[in-house]
Each structure stands twice: as structure tokens, then as C-alpha cells.
Amino acid sequence: MEQMTGFCGLICSDCGAFIATQNDDNEKREEMAKLWSEQYKVDLKPSDINCDGCVSDSTRLIGHCNICQIRKCGKSKGVQNCAYCDDYACEKLEGFFKMITHAKEHLDEIRSNI
């Protein structure tokens, strides 16, 4: 499976929901629903675990991706991910990077090769 990097720098193709969806793997869906239900204190069912990745045009997205302002911005600008944006790294990303430093490292690497 080819690597898919989300707008924010997370690697969608490494996500359990993405993997379960792309492989139509119900055991993986069950695993992710149980893990995330416990981890995030929510009630997820295996049928909730469907995602085609945030850079796709699909409506099958998981959790926060449905309302993510970084995703909305990237989609509106038509960039592959935020590394390709003229405004990189904007305020939206800087706040996110404080929580998820490896996403910044990944986008910085992509940007250095553009």
C-alpha cells in the first residue's frame, strides 16, 4: 500500500482505521473500535471504523477528520498536504505541532524535497 500523508503530516496509511477499511478487515475494525473506545472514552462499534484517509475525496472519514480545520483548509487550497502550501506552517499547524511533533518532522521532510 502506498503511503498517504494527511494534510497535517500524520500518515493516514499507518492508521488502523485506514488499514481496516482498505483491506475490508473486520477483525482490524473490531480491534480499533475496542482500542479507541477505551482510549478516548467513547462507544465505537466496528461499523464506525471506516476511513479512506483525509486527503481523499471520500466521505468515509474517522472521528475528528470530519471537522478538522487543517483538512478543510488543505482541501480548499487544493494542496497534496500542508507541506505544499505557500502558507506553511500556519497558525493552525503550529498549534497541532505542539501536540504532535512527529507530524511537523514528517511535513518538514516532505517540504525539503519539493
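**Close-up 1. Asn-81, a buried residue in the loop between H3 and H4 of the predicted model.** The relative accessibility of Asn-81 is 2%, and residues under 20% are classed as buried, so Asn-81 counts as buried. Asn-81 belongs to the loop that runs between helix H3 (69–77) and H4. Its side chain reaches the backbone nitrogen of Ala-83 at 3.0 Å. With neighbours within four places in sequence left aside, Asn-81 is in contact with Thr-5, Gly-6, Phe-7, Leu-107 and Ile-110.

**Close-up 2. Helix H5 and its packing against H4.** Ala-103, His-106, Leu-107 and Ile-110 are the buried residues of H5. Around the helix axis they cover an arc of only 95°, and therefore lie on the same side of H5. An α-helix has 3.6 residues a turn, so residues three or four places apart point the same way. The buried residues of H5 pack against H4. Thr-101, Glu-105, Glu-109 and Ser-112, on the other side of H5, are exposed.

Close-up 3. In soluble globular proteins, nonpolar side chains tend to be buried together.

**Close-up 4. Helix H2, from its cap at Asp-25 to Lys-41.** At the N-terminal end, Asp-25 caps H2 through a side-chain oxygen that lies 3.0 Å from the backbone nitrogen of Glu-27. The 15 residues of H2 (residues 26–40) should span 21 Å at 1.5 Å a residue, and the 20 Å between its end C-alpha atoms agrees with this. Lys-28, Arg-29, Met-32, Ala-33, Trp-36 and Ser-37 are the buried residues of H2. Seen down the axis of H2, these fall within an arc of 155°, so they line one face of the helix. What covers them includes helix H1 (16–22). On the other side of H2, Glu-27 and Lys-34 are exposed. After H2 comes Lys-41, with a positive phi near 55°.

Technical notes. Residues are numbered from 1 along each chain as its sequence is written. This is a predicted model: local features need pLDDT of at least 70, side-chain atom pairs count only at pLDDT 80 or more; totals for chains, interfaces and linings use all residues. Side-chain values use heavy atoms; hydrogens and water are left out. Helices (H or I, at least four residues) and strands (E, at least two) are DSSP runs, numbered from the N terminus. The expected span of a helix is 1.5 Å times one less than its number of residues. Buried means under 20% relative accessible area, exposed over 50%, partly exposed in between (1.4 Å probe, protein chains only). The arc is that of the directions from the helix axis to the C-beta atoms. Contact means heavy atoms within 4.5 Å. A polar contact is a pair of N or O atoms within 3.5 Å; within protein, one must be able to donate a hydrogen and the other to accept it, and residues adjacent in sequence count only if both atoms are side-chain atoms.
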